[in-house]
Amino acid sequence: ASGFTVYYRADRTGWSSTGWNGCADSVLSSICVLTAPQKDEFYPGDRPDTYGLVLTAAYQNGHTRSVFSHFTSSPETLTEAGQQPVTICYGGLKTSYPVTVLEAGTVVQSGSIGSLSWLIDSNGVFYLSGTGPMTSAPTSSNLSSVKTICIGTGVTTIADHAFSACTKASGRLLLPGTVTAIGQYAFCNCSKITSVAIPGTV
């Protein structure tokens, strides 16, 4: 698709003007969220997307630094509608930030692709779940109404032309770390998708 940016997940670290060397020999005393992630609304079954998250790490010697990576987040999956905290762990310490989980829509259509299952709901969300490869694109007249694509952990490949019919899909697409290959023209015609986060396993 034209017009969107592809991001490869890679470890990044950064530091404040106090410098990394000032923190290396000191004990970490606290962490807090400096910049919240870009995405703050999700649907049940989504994974928290920490892209854009920046932490401030404070040390006992008074130094601080900004942290862009090497942290973990939980829960792995957001399950219930409403406001939920996402917990971030770094250096043995924890902090959190809130996200909103929207109500899931009613199922409009569903189907299967090999060992995978898919559904489209009334909110225009396409969910792909299960374990194994996506061997072909889904067949549905409702794909043109899809606004959000959610791919679950366990999906290992994305088929050729997988979402080329999802011309209204938009926003940032997060591929799970289980994906190892992306087919040709998988997101062709998805010009409203602004970015795709591709795991290092691809």
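In which strand is glycine 130 found? In this predicted model, glycine 130 belongs to strand S11, which covers residues 125-130.

**Figure 1. Overview of the protein chain in the predicted model.** The chain comprises 202 residues, of which buried residues make up 41%, and its secondary structure consists of one helix and 17 strands. Among contacts between residues at least 6 apart in sequence, 49% join residues at least 24 apart. The chain exposes about 10,100 Å², and carbon and sulfur atoms supply 50% of that area.

**Figure 2. Close-up of glycine 130 and the residues in contact with it.** Glycine 130, a residue of strand S11, counts as partly exposed because its relative accessibility is 28%, a value between the 20% and 50% cut-offs. When residues up to four places away in sequence are not counted, glycine 130 touches Ser115, Leu116, Thr153, Gly154 and Val155.

**Figure 3. Close-up of the largest nonpolar core.** This core has 27 residues, and those touching the most other members are Phe126, Met134, Ile149, Ile158 and Phe163. The elements that give two or more residues to the core are strands S10 (116-121), S11, S13 (148-151), S14 (155-158) and S17 (193-198). A second, separate core is made up of 16 residues, among them Leu55, Tyr59, Phe71 and Val99. In soluble globular proteins, nonpolar side chains tend to be buried together.

**Figure 4. Close-up of isoleucine 158 and its contacts.** With neighbours within four places in sequence left aside, isoleucine 158 is in contact with Met134, Ile151, Phe163, Val179, Ala181, Ile182, Gly183 and Ala186. Two of these partners, Met134 and Phe163, are, like Ile158 itself, listed with the residues that touch the most other members of the largest nonpolar core.

Figure 5. A disulfide is a covalent bond between the sulfur atoms of two cysteines. With a cut-off of 2.5 Å between cysteine sulfur atoms, the count of disulfides comes to zero. Cysteine 166 is therefore in no disulfide, since the nearest cysteine sulfur, that of cysteine 190, is 5.8 Å away and the cut-off is 2.5 Å.

Notes. Residues numbered from 1 in each chain as written. Predicted model: local features only at pLDDT ≥ 70, side-chain atom pairs only at ≥ 80, totals over all residues. Heavy atoms only, no water. Helix = DSSP H or I, 4+ residues; strand = E, 2+ residues; numbered from the N terminus. Buried < 20%, exposed > 50% of the residue type's maximum accessible area, 1.4 Å probe, protein only. Contact = heavy atoms within 4.5 Å. Core = buried A, V, L, I, M, F, W, Y, C linked by side-chain atoms within 4.5 Å. Areas by Shrake-Rupley, 256 points an atom, 1.4 Å probe, with all protein chains shown as cover.
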